[in-house]
There are 2 protein chains.
Amino acid sequence: MATFVHPSRQDITLEGVLAALADPNRLRIIKGLLNEKGGMSCTEAAPCDMAKSTLSNHFRVLREAGLIQTTKKGVEHQNSVREADINARFPGLLKTILKHAQD
Amino acid sequence: MATFVHPSRQDITLEGVLAALADPNRLRIIKGLLNEKGGMSCTEAAPCDMAKSTLSNHFRVLREAGLIQTTKKGVEHQNSVREADINARFPGLLKTILKHAQD
């Protein structure tokens with residue numbers, strides 16, 4: 001069983017966040033998660049035609065950059081954006097980037 | 001003799017800009033160029049202990065992302081940040097990212 005590693009707030013880096021968001025699918029996932037405040041499973045948040053392994057990889061990149069929190073809910077993994085942490089580390093950054101991301 | 005390819009304003013992508021800036025050395029180069037409005041040669045803008053090939057690669061990544069303009073001045077290449085283009089494409093983005101970049 002995989003365990004999930006999340007960086008603590010102070011270990012979130014600007015470079016890591018920018019690299020994680022430098023991908024249209026990952027931007028789309030973050031937008032999807034923010035629209036679903038309760039958290040979403042991987043499959044719910046996913047752009048529809050993506051292989052499960054590709055999707056898992058995107059979630060891993062986002063998680064390791066400190067952008068999302070993954071928790072186990074039964075057999076599914078629920079993901080949510082770590083808005084408070086990101087906004088505390090880099091005020092205004094996430095909002096500005098998402099404003100320019102295409103839907 | 002190398003010729004430099006610069007994307008036109010409308011071809012500058014958010015993902016490309018984020019990927020190019022997802023590196024502390026490239027962030028430092030952009031900050032250095034912005035402090036020297038007249039444009040800087042590669043060596044002037046460079047973090048001091050970097051191999052020339054590494055440095056050239058960083059400038060290439062920044063140029064291909066549309067972040068800098070490179071022009072030949074005699075035997076040197078002068079680089080400047082395409083502030084007007086970036087700000088027109090993604091208002092507020094560069095400023096917000098640079099605000100959070102460490103010196």
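The model is predicted, so local features need pLDDT of at least 70 and side-chain atom pairs count only at pLDDT 80 or more, whereas totals for chains, interfaces and linings use all residues. Residues are numbered from 1 along each chain as its sequence is written, chains are lettered from A and ligands numbered from 1 in the order in which they are written, and side-chain values use heavy atoms, with hydrogens and water left out.

Leu21(A) belongs to the largest nonpolar core, which has 54 residues; Leu21(A), Ile30(A), Leu67(A), Leu21(B), Ile30(B) and Leu67(B) touch the most other members. Such a core is a set of buried Ala, Val, Leu, Ile, Met, Phe, Trp, Tyr and Cys residues joined through side-chain atoms within 4.5 Å. Buried means under 20% relative accessible area, exposed over 50%, and partly exposed in between, with a 1.4 Å probe and protein chains only. Two or more residues of this core come from each of helix H1 (14–21), helix H2 (24–35), helix H4 (52–64) and helix H6 (93–100) of chain A, and likewise from H1 (14–21), H2 (24–35), H4 (52–64) and H6 (93–100) of chain B. In soluble globular proteins, nonpolar side chains tend to be buried together.

In H6(B), 6 of the 8 residues are buried, and the helix is mostly covered. The buried residues are Leu93(B), Leu94(B), Thr96(B), Ile97(B), Leu98(B) and His100(B).

Chain A as a whole contains 6 helices and 3 strands, arranged from the N terminus as α-α-β-α-α-β-β-α-α. Helices (H or I, at least four residues) and strands (E, at least two) are DSSP runs, numbered from the N terminus. Of its 103 residues, 47% count as buried. Among contacts in chain A with a separation of 6 or more, 68% involve residues 24 or more positions apart.

Ile12(A), in the segment before H1 of chain A, is buried, with a relative accessible area of 0%. Beyond its neighbours within four places in sequence, Ile12(A) is in contact with Pro7(A), Val17(A), Ala65(A), Gly66(A), Arg82(A), Asp85(A), Ile86(A), Arg89(A) and Phe90(A). Phe90(A) is 78 residues from Ile12(A) in sequence, with 9.4 Å between their C-alpha atoms.

Conventions:
Contact = heavy atoms within 4.5 Å.
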